[in-house]
Amino acid sequence: MKRTTLSLIAGATALAAVTGFASLTTPDGPAAPEAKAATRLPVQRAGLVCPVPSTSEVAETLYTSYTPPSTIAGTGTGTGMGTGSGAAKGGGSGKTEQPTAQLRPAVNTTTSGGTAKGGKKAKAPKAPATVTAPGKPVTAEADGSAAPALTGAATGTLAPGWTVQQTTVVPAGGARGLLGLGCGAPDTDFWFPAASTAKERQDYVHLTNPDDTAAVVDIELYGPEGALKSQFTEGIPVPARSTVPVLLPTLTGEAAQQDVTVHVSTRSGRIGAAIAAADEKLGSDWLPAAADPASSVVLPGIPGDATSVRLVAFVPGDDDADLKVQLATTSGTIVPAGTDTLHVKSGMTAFVDLPGLTRGSAGSLLLTPSDPKKPTPVVAALRVVRGKGADTEIAFLPATAPVVARATVADNRAKGSTLSLTAPGAAAQVKITASAGSGGGTPVSRTVTVKAGTTQAITDLVPEGLKGSYALTVEPVSGGKVYASRTLALPLDGTPMFTIQTFVDDRGTVEVPAARQDLGVLD
């Protein structure tokens, strides 16, 4: 009877985990207590991957590591919950491990598609960017071409919302530019619209493996006429704790393509993936992965002074997509002149130039189905150019998902940072927090209302007494969905260097089913 009772209770608990509730009458007693509804608890471990920042000898890289203060009860260790890669330790000894948040060099940087043998020896930054407490950014510098890829994790109270920003200035040469990237969580599937195999572009996809076992990666390239043939894109090995940069044109023998969509997926293991794009005329920046395919996508925060904007879209599925193109401006939603729709054929990369798009004020591009009854998932990204003639700079803005609970972008400066918020549907209230500075300062917060169908640009939220750089955190309060990005502008010798990072929800909590068991029935 005791074993039967335990089995029934376990079954009810499992049902509660799926449905959120369950009740049980035991064979010889009253009903067991109903399971509690699922609750959200802070994660106890978060992992990130940063690619090799640059191959330029004159590159200057700043890493900024930050964990926002938590407003969730129970952020201490001991919940036993995490992101799948670990949990708080301590067991029955009553001891709790000290929380950590640190990145370490990958073992080796290997040549394109190669193995770790003969790779460049990794040299760590001058000092690791180690966060010791939530609420204050920590920075580290790494100069030159020997800076390695980094992998690492945050645990305990430092895990929820942990973010690392990698910012590199290359003042001269073919890779000239300001390259910014939010270091990403390892995953198994990535889409990169707006890549290129053109002669004037040098696009490397960086594959970084943070784990102790090797990963095997496939890369697919799609141009305007469909898939690009290649015999080198399947089964690329990425050794344990190593990084492999792959030059895109080497993967195909077909003619150079100005606009290409890259699909990176793993057969085994997990990786971090990002594309370093360098244009010999326009500059360079990182192309991050776009949000997962969706029938409606948002590309928030196009700079008001953009001189060239190109939209690149791709349909992964079997059906073509007909998209309505709109721009959410500071005053409302409009249709860009000359481009109200875009047809995207299945399996083919589509692109369109949007001249004079923003006309002096920040905006956000909205793509929705022309026929709401025929939604087709797409991926999309923008190539954005500022400046003219020889003084130009390039950046990329991928489609992003809405901020659900909280998102952070680190490494903001007293001058040059612009936060763009857009609410394409209903109006939304958003809390924005500027953290303390890496060298000192007092955090400040503000709650703003973003009107429906508009984009709001904020440049004046800076910590009091700021020293160093700071982080911006966005938290929706009420209303519709909110999308956000940060533009960092650092002009250099007449070149309007800039980079754009989207706000990606930090997934600082995990839903945990709670169930109560009356073990007294075993007596």
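**A buried arginine and its charged surroundings**

R383 lies in strand 29, which spans residues 379-388. The model discussed here is a predicted one. In this model R383 is buried and yet has no salt bridge. D353 carries the nearest side chain of opposite charge, and the distance to it is 4.8 Å. A salt bridge is counted when a side-chain nitrogen of Lys or Arg is within 4 Å of a carboxyl oxygen of Asp or Glu. Leaving aside residues up to four places away in sequence, R383 touches R201, Q258, L282, S308, V309, R310, I394, A395 and F396.

The protein chain has 41 strands and one helix. Of its 523 residues, 51% are buried. Among contacts with a separation of 6 or more, 81% join residues 24 or more positions apart. The chain exposes about 22,300 Å², with 52% of this area supplied by carbon and sulfur atoms.

Elsewhere, charged side chains do pair. Side chains of opposite charge can pair when their charged atoms come close. In this chain the count comes to 12 salt bridges. One of them joins R270 to D211, with the closest N and O atoms 2.8 Å apart. This pair links distant parts of the chain, 59 residues apart: R270 sits in the loop between strand 19 (260-268) and strand 20 (272-279), and D211 in the loop between strand 14 (201-208) and strand 15 (215-223). R270 counts as partly exposed because its relative accessibility is 31%.

Another salt bridge connects D411 with R413, the closest N and O atoms being 2.7 Å apart. D411 counts as buried because its relative accessibility is 0%, whereas R413, with a relative accessible area of 23%, is partly exposed. Salt bridges also link D218, E234 and R267 in a network.

Attention can now turn to the surface. D318, D319, D320, D322 and D371 form a negative surface patch. D318 lies in the loop between strand 23 (306-314) and strand 24 (321-328). With a relative accessible area of 76%, D318 is exposed.

Two residues deserve a word for their backbone. Most residues other than glycine have a negative phi. A194, however, has a positive phi near 80 degrees. A194 is placed in strand 13, residues 189-195, and counts as buried because its relative accessibility is 3%. R507 is not a glycine either, and its phi is positive at about 50 degrees. In contrast to the buried A194, R507 is exposed, with a relative accessible area of 68%.

Notes:
Residues numbered from 1 in each chain as written. Predicted model: local features only at pLDDT ≥ 70, side-chain atom pairs only at ≥ 80, totals over all residues. Heavy atoms only, no water. Patch = residues over 30% accessible without salt bridge, like charges linked within 9 Å, V, L, I, M, F, W, Y side chains within 5 Å. Areas by Shrake-Rupley, 256 points an atom, 1.4 Å probe, with all protein chains shown as cover. Lys, Arg positive; Asp, Glu negative; His and termini not counted. Charge placed at Lys NZ, Arg CZ, Asp CG, Glu CD. Helix = DSSP H or I, 4+ residues; strand = E, 2+ residues; numbered from the N terminus. Buried < 20%, exposed > 50% of the residue type's maximum accessible area, 1.4 Å probe, protein only. Contact = heavy atoms within 4.5 Å.
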